[in-house]
Amino acid sequence: MTKPPDFHELVGDEGTPDELAKLRRAHELLLAAGPPPELSPRLAEAPAPRARERFDWWRVRRTQIAFGLAAAVAAAAFGVGYLVGTGPGGFSQARSVEMHGVGQMASARATLAVGAQDAGGNYPLKMTVHGLPRVAEGGWYELLLSKDGRPTLPCGSFATTGRAVTVRLSVPYDLSEFPDLFDGWVITEHVPNQKHVPLVMTT
């Protein structure tokens with residue numbers, strides 16, 4: 001039987017009387033409690049991971065992967081459906097209008113695609129123009145709604161290179177007012193320092 005450790009040998013005489021008294025009470029409680037029991041050989045070694053735990057981990061991981069793949073497939077299907085519904089470039093065409101040149105621009109041609117009205121009340125437009133020459137520096141062409149062949153409300157400006165060009169425009173007007181307020185479209189040419197604005201294309 002081993003001799004219990006002596007308090008004075010462990011602590012010494014340093015400290016206030018209150019501190020020494022507290023340390024002595026703690027020392028006596030430890031002696032009364034005795035040493036902790038030794039671990040059994042079974043508990044002394046860490047248990048090996050069980051096969052079921054490994055299987056459960058793989059099952060959870062496989063479920064996560066399956067949900068991820070399902071979400072990716074759904075997103076891809078939505079994207080394909082959107083592209084098919086709206087066409088290349090995300091434009092959903094509701095109707096198409098043909099335009100032709102007038103006067104010196106008689107050989108010019110254009111196709112104006114009118115999109116479906118969006119939630120904000122705008123109508124997207126996509127126009128492909130052939131045969132309009134480049135305007136002098138600082139000039140531009142303008143698309144307008146028309147009534148009886150005369151320009152009414154502006155629908156946007158654009159420039160050309162003399163070759164085929166496709167432009168995107170947007171109008172906030174209620175196009176369901178055809179043919180009461182509007183009955184067609186025209187294109188005018190704006191040239192710097194020129195007061196007269198000629199009409200170069202019409203529907």
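Visitor: What makes strand 4 and strand 7 a pair in this predicted model?

Guide: Seven bridges join strand 4 (residues 140–147) to strand 7, and the two run antiparallel. Pairing requires at least two bridges between the strands. Seven bridges meet that cut-off, so strand 4 and strand 7 count as paired. Within this pairing, Tyr-141 stands opposite Glu-189 in strand 7.

Visitor: Why do strand 5 and strand 6 count as edges?

Guide: The open sheet has eight strands in the order 5-4-7-8-1-2-3-6, with antiparallel pairing. Strand 5 (150–158) and strand 6 (165–171) each have a single partner strand, so one side of each is left without a neighbour in the sheet. Neighbouring strands of this sheet are turned by 30° against each other on average, direction ignored.

Visitor: Why is strand 7 called mostly covered?

Guide: Strand 7 spans residues 184–190, and seven of its seven residues are buried. Gly-184, Val-186, Thr-188 and His-190 point one way. Trp-185, Ile-187 and Glu-189 point the other way. All of these residues are buried. In a regular strand, side chains alternate between the two faces of the sheet.

Visitor: Why is the pair of Phe-178 and Phe-182 called tilted?

Guide: A search of the whole structure finds three aromatic pairs. In the pair of Phe-178 and Phe-182, the rings are 5.7 Å centre to centre, with 55° between the planes. The centres lie within 6.5 Å, so the rings pair. Stacked needs under 30 degrees and edge-to-face over 60, so 55° is tilted. Phe-178, Phe-182 and Trp-185 form one aromatic cluster.

Visitor: Is Phe-178 buried or partly exposed, and which is Phe-182?

Guide: Buried means under 20% relative accessible area. Phe-178 has 21%, so Phe-178 is partly exposed. Phe-182 has 6%, so Phe-182 is buried.

Visitor: What makes Arg-95 a charge over the face of Phe-178?

Guide: Arg-95 lies at 5.0 Å from the ring centre. The distance cut-off is within 6 Å, so 5.0 Å passes. Arg-95 is accordingly listed over the face of Phe-178.

How values were computed: Residues numbered from 1 in each chain as written. Predicted model: local features only at pLDDT ≥ 70, side-chain atom pairs only at ≥ 80, totals over all residues. Heavy atoms only, no water. Buried < 20%, exposed > 50% of the residue type's maximum accessible area, 1.4 Å probe, protein only. Helix = DSSP H or I, 4+ residues; strand = E, 2+ residues; numbered from the N terminus. Axes fitted to C-alpha atoms, helices over the stretch in contact; angles between N-to-C directions. Phe/Tyr/Trp six-rings, centres within 6.5 Å; stacked < 30°, edge-to-face > 60°. Lys NZ or Arg CZ within 6 Å of the ring centre and 35° of its normal.
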